[in-house]
Amino acid sequence: VPGNLTYQQELAHSHRSLGMLLRRRGPEARQAFRTAIDLYDTVVAATDNAEHYAARGTCNRELQRYDDAVGDYRKAVELQPDNASFHDSLSRLYTSVRSLDLDSAVMHAQKAIQLESTNPWYWSQLAYVYQRRLNLQAAREACTKALSLDANLSKANLQMAGILRLEGDYEQALAFAQKGFQGYEPAPAAYQTRGMIYSQLGRFHEALADFNKAVELVPRNSWIYRGRARIYVKLGRFDEALADYAKAIEQAPENLIQLNNTAYDMVRDPGWEPQMLEHPIAWLRRAIELDPECDAFWKNLGLAYYRAGNWQEAIAALEKSLTLNPDRFNYFFLAMAHWQRGNQNEAKQWYDHSVEWMENNGLNDEPELLRFRVEAEELMRIETQKKHKSPVSHQGSGALESEATSKPAAALKAR
């Protein structure tokens with residue numbers, strides 16, 4: 001009987017299962033999840049059952065309705081607080097770009113482990129959250145625990161690859177990434193992780209092949225589009241890079257973190273045609289419209305104006321950022337903008353301030369900052385007694401995506 005509650009419950013489960021089976025077939029999967037949600041709405045209203053909230057939360061997550069998914073899983077945890085899988089799922093949701101809350105992600109990952117300490121997936125999730133916070137030592141410890149429980153777990157091997165990549169051990173990272181291809185069908189994350197490592201080894205064509213495969217498997221993932229865009233930049237294919245950055249924005253056009261981080265991915269590298277930089281400038285202006293008090297948005301707008309050759313606008317935006325938060329690394333670009341305007345004394349003062357800031361925060365060897373410092377020194381023809389290490393950017397570390405527990409990394413929070 002179609003009106004029967006048990007019938008609707010089983011039909012909802014069936015549509016959810018169908019959606020999971022069709023995940024890589026786009027519209028068909030989304031339709032299955034939408035139908036499941038409609039059915040779960042009736043079931044949840046009648047039963048107030050934790051499992052049903054969690055099931056609807058899964059469907060909302062697959063449709064990238066992250067706020068709804070978080071709400072469903074929070075309700076499931078409220079009704080069934082000792083369910084480890086609910087806490088694990090909530091932790092994963094809190095690490096998504098659109099519902100980013102790393103403190104809550106850590107708390108729920110730890111709770112899942114407290115309830116079920118022998119589950120390697122839960123340890124791997126905890127490692128992932130620590131990695132997002134740039135607490136690499138804690139991430140490595142959690143990942144090592146996961147691999148001790150299941151040495152063949154693809155997710156944990158990919159997680160260790162990511163940690164080693166951030167530590168600069170690219171060959172060892174590649175070895176762990178290869179283990180992530182174990183199993184019947186490699187996950188998109190395996191191609192994405194290996195692609196990033198290939199890129200940092202300078203093997204850009206292999207990196208591009210992996211990112212192409214990842215896009216094929218998950219055509220709506222903003223992180224993958226951004227990763228592939230960075231490969232296109234390395235190859236000098238700026239038109240294709242811009243197209244991928246625009247696709248990343250399309251996935252969440254009103255999301256502040258997405259607007260900011262995608263724009264930052266573009267403007268941190270030179271070489272763009274001025275007309276191309278109209279896009280990150282527009283994205284950052286939109287972010288500022290939504291949150292005019294965020295210093296990172298103004299700082300990155302200053303970077304975008306600088307790359308576009310608009311020196312005065314760059315200075316104005318960077319100075320606005322400094323009024324909101326003076327303890328950020330805006331100074332190298334402020335120095336370069338003043339130099340381009342012919343204000344050499346001010347430029348040197350800001351350069352000296354930048355170097356002092358790096359030293360005071362223990363960031364002399366931080367790759368991203370070091371790239372900007374070298375760029376300023378080359379522009380301003382500054383010779384340094386100490387030869388810098390070759391700067392290699394931590395690919396994928398966006399402006400508002402990382403939060404650290406150590407003082408040096410904390411200084412980079414919200415860059």
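Is Asn255 buried or exposed, and with what relative accessible area? Asn255 is buried, its relative accessible area being 14%, where buried means under 20% relative accessible area, exposed over 50%, and partly exposed in between (1.4 Å probe, protein chains only).

The views below come from a predicted model, in which local features need pLDDT of at least 70 and side-chain atom pairs count only at pLDDT 80 or more, while totals for chains, interfaces and linings use all residues. Residues are numbered from 1 along each chain as its sequence is written, and side-chain values use heavy atoms, with hydrogens and water left out.

View 1. The secondary structure comes to 22 helices and zero strands; helices (H or I, at least four residues) and strands (E, at least two) are DSSP runs, numbered from the N terminus. Of the 415 residues of the protein, 56% count as buried. Among contacts between residues at least 6 apart in sequence, 57% join residues at least 24 apart, contact meaning heavy atoms within 4.5 Å.

**View 2. Asn255 in the loop between helix 14 and helix 15.** The loop that holds Asn255 runs between helix 14 (238-250) and helix 15 (256-267). From there, the side chain of Asn255 reaches the backbone nitrogen of Gln258 at 2.8 Å; a polar contact is a pair of N or O atoms within 3.5 Å, where within protein one must be able to donate a hydrogen and the other to accept it, and residues adjacent in sequence count only if both atoms are side-chain atoms.

**View 3. Helix 13 against helix 14, a left-handed crossing.** Two packed helices are described by the angle between their axes and the distance between the axes. The axes of helix 13 (residues 222-234) and helix 14 come within 8 Å and cross at roughly 165°, which makes helix 13 roughly antiparallel to helix 14. Axes are lines fitted to C-alpha atoms, for helices over the stretch in contact, and angles run from 0 to 180 degrees between N-to-C directions; angles under 35 degrees count as roughly parallel, over 145 as roughly antiparallel, 65 to 115 as roughly perpendicular and the rest as oblique. A crossing is left-handed if the near helix is turned anticlockwise from the far one by less than a right angle, and right-handed if clockwise. Residues of helix 13 in the contact include Tyr225, Arg226, Ala229 and Val233, and those of helix 14 include Phe238, Ala241, Asp244 and Tyr245. The residues of this contact between helix 13 and helix 14 divide into eight nonpolar, one polar and six charged, with Ala, Val, Leu, Ile, Met, Phe, Trp, Tyr, Cys and Pro counted as nonpolar, Asp, Glu, Lys and Arg as charged, and the others, Gly among them, as polar.

**View 4. Helix 5 with helix 7, and Ser91 in helix 5.** Helix 5 (residues 84-94) and helix 7 (residues 120-132) have axes that come within 10 Å and cross at roughly 25°, and the two helices are therefore roughly parallel to each other. Helix 5 passes helix 7 in a left-handed crossing, and the residues of their contact comprise four nonpolar, three polar and two charged. Ser91, which lies in helix 5, counts as buried at 0% relative accessibility. Its side chain reaches the backbone oxygen of Ala105 at 2.8 Å, and, not counting residues up to four places away in sequence, Ser91 touches Ala105, His108, Ala109, Gln125 and Val129.

**View 5. Val355 in helix 20, with helix 21 alongside in a left-handed crossing.** The axes of helix 20 (residues 344-360) and helix 21 (residues 367-380) come within 12 Å and cross at roughly 155°, and the helices are therefore roughly antiparallel to each other. By class, their contact has nine nonpolar, no polar and three charged residues. Val355 counts as buried at 12% relative accessibility and touches Phe332 and Arg373, not counting residues up to four places away in sequence. Val355 and Leu370 are 15 residues apart in sequence and 9.9 Å apart in space, C-alpha to C-alpha.

View 6. Most residues other than glycine have a negative phi.
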